[in-house]
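Thanks for coming. I have one structure to show today, and I will keep to a few spots in it.

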Amino acid sequence: MEKDKYSKELEVAVRVVHLACALCIRVQEGLVSASGDHVKSKDDDSPVTVADWSVQATVSWLLSDIFGSQNVSIVAEEDTHAISKADSEGFLAAVVNTASVTQLGAPLEDIGYLDPVDGTLGFVRGDQYAVALALIEDGQVVLGVLGCPNYPMKREWLNYQHQYSQTMSALSLRSTDVWEKGCVLYARRGSGKAWVQPLICEDKMLEWPNYARLIQVSSIDDPALATLCEPVEKANSNHSFTAGLAHSVGLRKKPLHVYSMVKYAAIARGDAEIFMKFAKSGYKEKIWDHAAGVVIIEEAGGVVTDAGGCPLDFSRGVYLEGLDRGIIACSGVTLHEKIVGAVYASWDSSNL
Ligand SMILES: Nc1ncnc2c1ncn2[C@@H]1O[C@H](COP(=O)(O)O)[C@@H](OP(=O)(O)O)[C@H]1O
Ligand SMILES: [Mg+2]
């Protein structure tokens, strides 16, 4: 890919994700402290909040305003038709009418994919979540941006899973510390570079490139020293199968259970070495849950494949069609080969 291709798109996408994160932070603070029914259920019983819809509307509107609605197509997770049903005041319905959100059925090349709040369960529990935006060109993820509002520049915070908001408020952070509250990661395919920036908060302006620093995956390739990251919810990934794999390759550390694509961010930043997800058979992974994270890990030096060792296929619509069993992301080939080998050795006896 030519050197400066997509540099404007990348800068705009990063700015827009910062803005979306600021919106989410406001809503999450309100949700965690408020009583009342602010969380709705989608048709598949997963949660959705005002943040999912308003981020989706805002990002779509901003991108079409900047690039022109003919030049940008956004496919986003939330079904905008549900808004008028769930929001009796009609406010969100009005906002969304200004957004160019295309749901399923959009053409396949050159499309922005948005997960407005990935890990909505983490979001409503005051824990980790991400805003994910990716550009896919001819079936290849060319840009990825991941906003992680509760994942500060310092790694230790990942360990405060489930109590994130309580821990932060117990420490009663000064406003200058808030600068360190979250981060935004991004990468452009083929650049061999991935970046992290502190999240801008409050009324600060984003001065591009906003203290961006390069990130790299961890150099650990000894399983005994490696950390596994996986979904919190057992319903989303089979923990007993991954525990068996972890044991057979010699992982010794306790796994980190983290909501959302923050797991991809942790691998790309070198804070963990392995991410695995084995969903129930029949579940189809959606591309907006992975696209941004995959390009960021790969450009930071890591490897992401399905459990058979093949690259994820982003060319076939909104699902990762043909995915072999599960997803394995590693900081390097040594760990990756061991995990893929362990899946191969144990699958037949796994009852999955
Ligand atoms: N039954 C299921 N199996 C696997 N993944 C699921 C699932 N139901 C939902 N998910 C996906 O898992 C994502 C959350 O990831 P994690 O479990 O790693 O926190 C959800 O993203 P959303 O929260 O954006 O809907 C959703 O896309
Ligand atoms: Mg998601």
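Start with phenylalanine 123: setting aside neighbours within four places in sequence, it is in contact with Gln28, Thr49, Ala51, Val117 and Tyr129. Bear in mind that this is a predicted model. Phenylalanine 123 sits in helix α5, residues 120-124. Is phenylalanine 123 buried or exposed? It is buried, because 28 other C-beta atoms lie within 10 Å, and the cut-off for buried is 20 or more. Alanine 212 is 89 residues away from phenylalanine 123 in sequence, and their C-alpha atoms are 25 Å apart in space.

Next, the nonpolar core. The largest one has 102 residues, and the members that touch the most others are Leu146, Leu185 and Ile296. Helix α1, residues 7-33, supplies the largest share of this core, with 10 residues. Where does the core lie? Domain 1 (7-214) and domain 2 (223-349) both contribute residues, so the core lies between them.

Now take isoleucine 296. Not counting residues up to four places away in sequence, isoleucine 296 touches Gly144, Leu146, Leu185, Tyr186, Ala187, Ala194, Tyr264 and Ala268.

Helix α9 is residues 262-269 and helix α10 is residues 291-299; they pack at an angle of about 5°, with axes 9 Å apart. Angles under 35 degrees count as roughly parallel, so α9 and α10 are roughly parallel to each other. On the α9 side the contact has Tyr264, Ile267 and Ala268, and these meet Gly293, Ile296 and Ile297 of α10. By type, the residues of that contact are 5 nonpolar, 1 polar and no charged.

How values were computed. Residues numbered from 1 in each chain as written. Chains lettered and ligands numbered in written order. Predicted model: local features only at pLDDT ≥ 70, side-chain atom pairs only at ≥ 80, totals over all residues. Axes fitted to C-alpha atoms, helices over the stretch in contact; angles between N-to-C directions. Helix = DSSP H or I, 4+ residues; strand = E, 2+ residues; numbered from the N terminus. Parallel < 35°, antiparallel > 145°, perpendicular 65-115°, else oblique. Contact = placed C-beta atoms within 7 Å. Nonpolar A, V, L, I, M, F, W, Y, C, P; charged D, E, K, R; others polar. Core = buried A, V, L, I, M, F, W, Y, C linked by C-beta atoms within 7 Å. Buried ≥ 20, exposed ≤ 12 C-beta atoms within 10 Å, placed from the backbone. Domains from an automatic or database assignment.
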